[in-house]
Amino acid sequence: TELTKDDVRNLVKEYNVKFVRLQFTDIFGVLKNVSIPVEQLDKALNDELMFDGSSIEGFVRIEESDMYLRPDPSTFVVFPWKPREGSVARLICDIYNSDGTPFIGDPRNVLRRAVAEAEAMGYSMNVGPEAEFFLFHVNEEGQPTTITHDRAGYFDMTPVDLGENARRDMVMTLQQMGFEIEASHHEVAPGQHEIDFKYSDALDIADKVVTFKFVVRTIAQRHGLHATFMPKPIFGIAGSGMHLNQSLMKNNSNAFYDPDAPNQLNEDCLHYIGGLIKHIPAITAITNPTINSYKRLVSGYEAPVYIAWSYRNRSPLIRVPAKRGQSTRIELRSPDPSCNPYLALAVCLKAGLDGIKNKIKCPNPCDRNIYELTRQERKELGINTLPDSLYDAMANLAADDIVKEALGPHVLQRFLEAKKIEWDNYRMQVHPWELDLYLTKF
Ligand code: ADP
Ligand code: MG
Ligand code: MG
Ligand code: MG
Ligand code: MG
């Protein structure tokens, strides 16, 4: 049951809410807040709240800057941590132009468009994300470090594991905010954690991912730690991914499941995989949108490098977990948590739908460990590699009409412009690695 505007008005009274944060994300997935005193809530619920879109990165130019925030009542939640008096709630908003039309540069609108296309074909998308993150210490000046709480020796004198306590607090806070937590555990690297919550429809999950990151950071801070979703904070140990488990529903049942088909997979599922595999070089620019993302996509750390899929082992890009029935799904393993979840889900869905529409054949599954294959063997099996840099991914994005269409011209152009600047800045840096290698050698 979705909340209505009246439900929101009642809940605000019930919880003695004093401030409401109106939230939305910019094209890079960074959460933005406009805080309003509760007296202004009616104005916001009546879509009368204007803001200056030119102050948000990637949105609009000054001359067209008047935009409206349209709060989505179903996203209402009261923050479980309390200021001294009253409480604070939030509403996630859609962004509208001053003429009352949805703003095509709004990432939430990008995802809504992809979801609408799926709906027109009779499908709805379910997603279960697995976001990993690191917990680091802050130094005396309050600046984040890359020192983890469970680095040997560092915490010899402390009997409790700060990280485990913080994670337990995160899980409880998320539960209070309506998340159904399925599991939480320490990950392979020191200081690395994962919290999994139950899958839901694409828009709900994108909203939940931005909320999740915000809660994890907030609670970490309260424990004197810094949480980061940076994909590869430390060279030589595993990075943080955000696997995206995806399935489609049709007529209220799992469209990927067919009890009578080989491997019990419906051809929709195989075509969806075919679409993802066809478009993955472009999708990668969106699912792995930072310079640092590509330092995670290297062999040896459970992150995918090769474009292949499998039923069993976890080395390929796409895995089909053994669960069937309502749990039939595919797991895309390349995305990382620095991505904008609205855009990431939109491009995945759009690629999968393209696979279904055009019956794109998926390659044979590869159930061997791809890292042990020789270059020649990979070539014979037709296994290509993911883009190995942001630059490479951007070039693939610029050449893929389906993924470009998913983003729309506004987001595409702003995204490519900003990422070009990011790349050029990086390219000009003199890296410590270079000094180590060349300073004394030449
Ligand atoms: P892994 O085995 O890769 O560690 P997890 O158990 O950590 O997987 O996470 C699996 C995710 O997949 C969870 O978020 C779960 O809710 C989600 N999931 C389960 N069934 C479906 C489905 N039918 N469609 C999409 N996601 C699903
Ligand atoms: Mg997991
Ligand atoms: Mg698991
Ligand atoms: Mg994991
Ligand atoms: Mg996984």
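Me: What relative accessible area does R368 have, and how is that value to be read?

Reply: R368 is partly exposed, with a relative accessible area of 46%. The term belongs to a scale in which buried means under 20% relative accessible area, exposed over 50% and partly exposed in between (1.4 Å probe, protein chains only). This is a predicted model, in which local features need pLDDT of at least 70, side-chain atom pairs count only at pLDDT 80 or more, and totals for chains, interfaces and linings use all residues. Residues are numbered from 1 along each chain as its sequence is written, chains are lettered from A and ligands numbered from 1 in the order in which they are written, and side-chain values use heavy atoms, with hydrogens and water left out.

Me: With which residue does R368 meet in a salt bridge?

Reply: A salt bridge is a side-chain nitrogen of Lys or Arg within 4 Å of a carboxyl oxygen of Asp or Glu. The partner of R368 is E377, at 3.5 Å from N to O. E377 is partly exposed as well, at 27% relative accessible area.

Me: How many salt bridges does the structure hold, and which parts does the one between R70 and D47 tie together?

Reply: There are 21 salt bridges in the structure. In the one between R70 and D47, the closest N and O atoms are 3.2 Å apart. R70 belongs to strand β4 (residues 66-71) and D47 to the loop between α2 (41-45) and β3 (50-52), so the pair joins parts that are 23 residues apart in sequence. Helices (H or I, at least four residues) and strands (E, at least two) are DSSP runs, numbered from the N terminus. R70 is partly exposed at 29%, and D47 is partly exposed at 22%.

Me: Where do K419 and E422 lie?

Reply: Both are in helix α11 (residues 401-428), three residues apart, which is about one turn of the helix. K419 is buried, with a relative accessible area of 4%, whereas E422 is partly exposed at 28%.

Me: Which residues are linked in a network of salt bridges?

Reply: The network links D72, D94, R108, R112 and D207.

Me: Which residue coordinates both the magnesium ion (ligand 5) and the magnesium ion (ligand 2)?

Reply: E130 coordinates both, and these two ions are 3.9 Å apart. The protein donors of ligand 2 are E130 (OE) and E194 (OE), lying 2.1 to 2.3 Å from the ion. E130 in strand β7 (residues 123-138) and E194 in strand β10 (residues 192-197) are 64 residues apart, another link between distant parts of the chain. E194 is buried, at 3%. A further magnesium ion, ligand 3, is 3.5 Å from ligand 2.

Me: How much space lies in the largest pocket, and which residues lie nearest its centre?

Reply: Rolling a probe the size of a water molecule over the atoms shows where empty space is left. On a 1 Å grid over the protein atoms alone, using a 1.4 Å probe, a pocket is an open set of points with protein on both sides within 12 Å along at least five of seven lines, and lining residues have an atom within 4 Å of a point. About 960 Å³ of space lies in the largest pocket. Its lining has 39 residues, with S74, T75, F76, D204 and K208 nearest the centre. The largest share of the lining, six residues, comes from α5.

Me: Which residues form a nonpolar patch on the surface?

Reply: W433, L437, Y438 and F442 form the patch, with about 500 Å² of accessible area together. Patches are made of residues with over 30% relative accessible area and no salt bridge: like charges are joined within 9 Å, nonpolar side chains (Val, Leu, Ile, Met, Phe, Trp, Tyr) within 5 Å. Accessible areas come from the Shrake-Rupley method with a 1.4 Å probe; for residues, only the protein chains shown count as cover. W433 lies in helix α12 (residues 432-438) and is exposed, at 52%.

Terms used: Donors are N, O and S atoms within 2.8 Å of the metal (3.2 Å for Na, K and Ca); water is not among the atoms, so sites may look incomplete. Grid points are joined across faces, edges and corners, and a volume is the space filled by probe spheres set on the points.
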